[in-house]
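Take a look at the model below. Where does its confidence lie, and which charged side chains pair up?

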Amino acid sequence: MEQVGTTADAVLEEADWQARRAAHEARVDRWLGPHLARRRAGEAHPVEDFLFTYYSFRPAALRRWHPGFGVALAGGGPSYVGLKGYVETLDGVTVSRDHVRDRTRLLRQLHLLLTATARRPAQLGCLGL
């Protein structure tokens, strides 16, 4: 991976980002563990597996913690080296500006959708709620 000279807005020391990553994995594993066990057993739960069946999210992708744009992982972040969108900088491994820039249109659309959703009152009369 080519090292880029630009610096990040913030740098997480290795012990800090490792702790944040472990905490994220522990939180996510509470939902992923039962889902994966059901999948191995050939069983399905219509509500708890919705995220994986309707949206086709991969459990490994949900389990992977990301520091966020502008944050570098000191110590090299070897598990992030080679991941799409990550570059090695003088500060550590971080998401590249080019990666974010290439997704500007998608990010704007998501921002509009989430802003509109947050402004609307909850609709609690649907199935499953």
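What follows moves from model confidence to the salt bridges, and then to one arginine in a loop.

This is a predicted model. Its chain averages a pLDDT of 88. Of the residues, 92% score at least 70. Confidence is highest in helix α5, residues 104-119, with a mean of 96. Strand β1, residues 3-4, has the lowest confidence, at a mean of 54. Where pLDDT is low, the predicted coordinates should not be read in detail.

Now the charged pairs. Side chains of opposite charge can pair when their charged atoms come close. The whole structure holds six salt bridges. One of them joins Arg-63 to Asp-29, with the closest N and O atoms 2.8 Å apart. Arg-63 sits in helix α3 (residues 59-63) and Asp-29 in helix α1 (residues 14-41), so this pair ties together parts 34 residues apart in sequence.

Arg-38 forms a salt bridge with Glu-48, and the closest N and O atoms are 3.4 Å apart. Asp-49 is in the loop between α1 and α2, so here the tie spans 11 residues of sequence.

The surroundings of these partners can be read from accessibility. Arg-38 is buried, with a relative accessible area of 13%. Asp-49 is buried as well. Glu-48, in contrast, is partly exposed, at 46%.

Arg-64 is found in the loop between α3 and β3 (71-73). Its relative accessibility is 35%, so Arg-64 counts as partly exposed. Which residues does Arg-64 touch, leaving aside its neighbours within four places in sequence? Arg-64 is in contact with His-24, Tyr-80 and Leu-83. Ser-79 is 15 residues from Arg-64 along the chain, and their C-alpha atoms are separated by 9.9 Å.

Technical notes: Residues are numbered from 1 along each chain as its sequence is written. This is a predicted model: local features need pLDDT of at least 70, side-chain atom pairs count only at pLDDT 80 or more; totals for chains, interfaces and linings use all residues. Side-chain values use heavy atoms; hydrogens and water are left out. pLDDT is the predictor's confidence in each residue, from 0 to 100. Helices (H or I, at least four residues) and strands (E, at least two) are DSSP runs, numbered from the N terminus. A salt bridge is a side-chain nitrogen of Lys or Arg within 4 Å of a carboxyl oxygen of Asp or Glu. Buried means under 20% relative accessible area, exposed over 50%, partly exposed in between (1.4 Å probe, protein chains only). Contact means heavy atoms within 4.5 Å.
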